[in-house]
Amino acid sequence: MQKDLGNYRKSYEKSELTEGSIKENPLEQFQKWFYEVEASDGVDEPNAMTVSTIGLDGFPKSRVVLMKKYTHEGFIFYTNYKSEKGRAIAADPSVCLSFFWPNMERQVIIKGNAEKIAENLSDGYFESRPFGSQLGAVVSNQSDVIGSREVLEKELEALEKQYEGQTIERPQHWGGYLVRPISIEFWQGRPNRLHDRIRYTLQEDHDWKIERLAP
């Protein structure tokens, strides 16, 4: 079985990225782009990002998660610390995040190091989640093999009865990661595949070096 996709082509012509128009700080540039994507109303979840880790088996693995906050320090997402990604981060905190916003013909690629956020911050976010999402974090031993969907649903049903009318405390194995960036690349599609690529690299003095990359 095969399918030739060689004729799938698109000309990227919506915008440009120049040294004269960018911010000196990449996190401010990210905020600018994120606001523009939100305002465009052309992406269902602009905070969806791909998280890539180096697994315990030596292979890289990527999956899409939702960024829940960004600050001057970096990018925050939440997960099960005992999941495959959590175990991978514990062994090697080097990760890559990537955002793809096709309606704006833009990508952002972030290299950085992941660290657990403070427990009180994870507590605060967990408390803000809907009841069903809280139960989901409790019931799911993320990445473990399970016998069937029915097993999971029965466990959820039992927990719904157990916690009815009660406050659910955050499981200790569930919480947030902050990814502190060391490199952030902004990619803007351009005609004839001569795309704009601007990379910020963190220096020892904590300033950012800005370079243009060939497409």
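**Close-up views of a predicted model**

**View 1. The largest pocket and its lining.** The largest pocket holds about 330 Å³ of space. Its lining comprises 15 residues, of which Y78, T79, R129, Q142 and W174 are the closest to the pocket centre. Two or more lining residues come from each of the elements β2 (60–66), β4 (75–80) and α4 (131–139). By residue class, the lining consists of six nonpolar, six polar and three charged residues. The structure shown here and in the following views is a predicted model.

**View 2. The two sides of helix α2.** Helix α2 spans residues 84–91, and within the helix K85, G86, A88 and I89 are buried. These four residues lie on the same side of α2, because they cover an arc of only 160 degrees around the axis. A90 and A91, on the other side of α2, are exposed. The packing partners of the buried α2 residues are the strands β1 (48–54), β2, β4, β5 (94–101), β6 (106–116) and β7 (174–188).

View 3. The loop between β6 and α3 (119–128) contains I117. I117 has a relative accessibility of 12% and therefore counts as buried, the cut-off being under 20%. Apart from neighbours within four places in sequence, the residues in contact with I117 are I76, Y78, S122, G176, Y177 and L178. Among these contacts, Y78 also belongs to the residues closest to the centre of the largest pocket.

**View 4. I117 and V37 compared in sequence and space.** I117 and V37 are separated by 80 residues in sequence. In space, the C-alpha to C-alpha distance between I117 and V37 is 27 Å.

Notes:
Residues are numbered from 1 along each chain as its sequence is written. This is a predicted model: local features need pLDDT of at least 70, side-chain atom pairs count only at pLDDT 80 or more; totals for chains, interfaces and linings use all residues. Side-chain values use heavy atoms; hydrogens and water are left out. On a 1 Å grid over the protein atoms alone, a cavity is a set of points where a 1.4 Å probe fits but cannot get out, and a pocket is an open set with protein on both sides within 12 Å along at least five of seven lines; lining residues have an atom within 4 Å of a point. Grid points are joined across faces, edges and corners, and a volume is the space filled by probe spheres set on the points. Ala, Val, Leu, Ile, Met, Phe, Trp, Tyr, Cys and Pro count as nonpolar, Asp, Glu, Lys and Arg as charged, and the others, Gly among them, as polar. Buried means under 20% relative accessible area, exposed over 50%, partly exposed in between (1.4 Å probe, protein chains only). The arc is that of the directions from the helix axis to the C-beta atoms. Contact means heavy atoms within 4.5 Å.
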